[in-house]
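Visitor: I'm new to reading structures, could you walk me through this one?
Guide: Gladly, ask whatever comes to mind as you look.

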Amino acid sequence: MNKPAIDAPPAPRTDVTQLRVGLGERSYDIVIGSGLLTEAGARIAALRPGARVGIVTDRNVAERHLSTVEAALAEAGLTSVAILVEPGEKSKSYGVFETVVDALIAARIERRDLVLALGGGVVGDLAGFAAAALRRGVDFVQAPTSLLAQVDSSVGGKTGINSRHGKNLVGAFHQPILVLADTGALDTLPLREFRAGYAEVAKYGLIDNAPFFAWLERKWEQVFAGGPARIEAIATSCAAKAAVVARDEKETGDRALLNLGHTFGHALEAGAGFSQRLLHGEAVAIGMAQAFRFSASEGLCDPADAARVEAHLKTVGLPTRMSDVPGELPGTDGLMDLIAQDKKVSRGALTFILARGIGQSFIARDVDPARVRAFLDTERAGTLHR
């Protein structure tokens, strides 16, 4: 039997979902299904035959998946070098970024080669930014292994690291050439990490797809259990993000809606020191609940919708209040300072993603800081602002 050429993609599978992010000559596929890490070599070689691959991953993911990916690359005739970082948000720093870029240079990753981001959102953001900066830009592939990364951060080309002033303030738009979302990798994900990723799934329903949110209310246990419901939830989320990215690649318009919950959430993450006290998805869950409570307090949406959002997030085990975060958080002044560093701030004017109801989010520009401050005061006091 003749062995397939290494530059031919694997035969089409009926058990995977494939979506296209339409960006002209920079368009790329999102492939969703189980076992895709074993096909990484063949799929990458079909796009970049003969490329040398710099694999960026963290130590936890490396224990579970690195050998599988290295073997797949070798089988496809691709050489690789692995660069390991510590797990957690603190790896999205200037120091770790420098270490990764220097390691890629030392490994002689050149412009015709590529970087493979193997891991969750932290690794994807860090490796993508390193690829954007290396030799003024080399190709990269996203192989997200967390739910959060599969439905959100791996798609759309946002890459970056954190500053002491706030989250994701240093980075670049740099689109991958392929996203391989191996749903089987989620079977080894700790429950807390899966829950955190689920917050980003729920976000897509809250932005503009009320029927999807209602479906999640009915099917969330099946999503957590795995199988067809999980793949459907991931595919629905990726399709929603792909459509937004195709319309607004660099967030000059409605792509900002994808930041629902992130203005409050990023401030809380920074306030918790980008630590295990508060995972990104957990911060987004609190932030989304706050965005709906703030919207209700401003008379923009029915308080019953805010209560419904909070109830669902609590049902799946996510935090919804600042009091759910262990340890101390900054006071209102500190949180307002962090919110003022948000990327959506324009000439000092606060921009939030607020809601007129479930599936009816909108961009609210020039939000009165005094109203936000008053809301945070009442949140800290454990009451709703009326």
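Visitor: Is Cys301 buried or exposed?
Guide: In this predicted model, Cys301 has 7% relative accessibility, and it counts as buried because that value is under the 20% cut-off.

Visitor: And Cys238, buried or exposed?
Guide: Cys238 is also counted as buried, because its relative accessibility is 0%.

Visitor: New topic: what does UniProt place at residues 83–195?
Guide: An unreviewed UniProt entry places the feature "domain: 3-dehydroquinate synthase N-terminal" there, at residues 83–195. In the model, that span is 34% helix and 30% strand, and its end C-alpha atoms lie 28 Å apart.

Visitor: How many residues of strand 9 are buried?
Guide: Strand 9, which covers residues 178–182, has five of its five residues buried, so it is mostly covered.

Visitor: Which way do they point?
Guide: Leu178, Leu180 and Asp182 point one way from strand 9, while Val179 and Ala181 point the other way, and all are buried. In a regular strand, side chains alternate between the two faces of the sheet.

Visitor: Which strands pair with strand 9?
Guide: Strand 2, residues 28–33, pairs with strand 9 in the parallel sense over five bridges, and Asp182 in strand 9 is the bridge partner of Gly33. Strand 6, residues 139–144, pairs with strand 9 in the parallel sense over two bridges, with Val179 in strand 9 as the bridge partner of Gln142.

Conventions
Residues numbered from 1 in each chain as written. Predicted model: local features only at pLDDT ≥ 70, side-chain atom pairs only at ≥ 80, totals over all residues. Heavy atoms only, no water. Buried < 20%, exposed > 50% of the residue type's maximum accessible area, 1.4 Å probe, protein only. UniProt positions renumbered as here; feature names shortened; annotations may be inferred. Helix = DSSP H or I, 4+ residues; strand = E, 2+ residues; numbered from the N terminus. Pairing = 2+ DSSP bridges.
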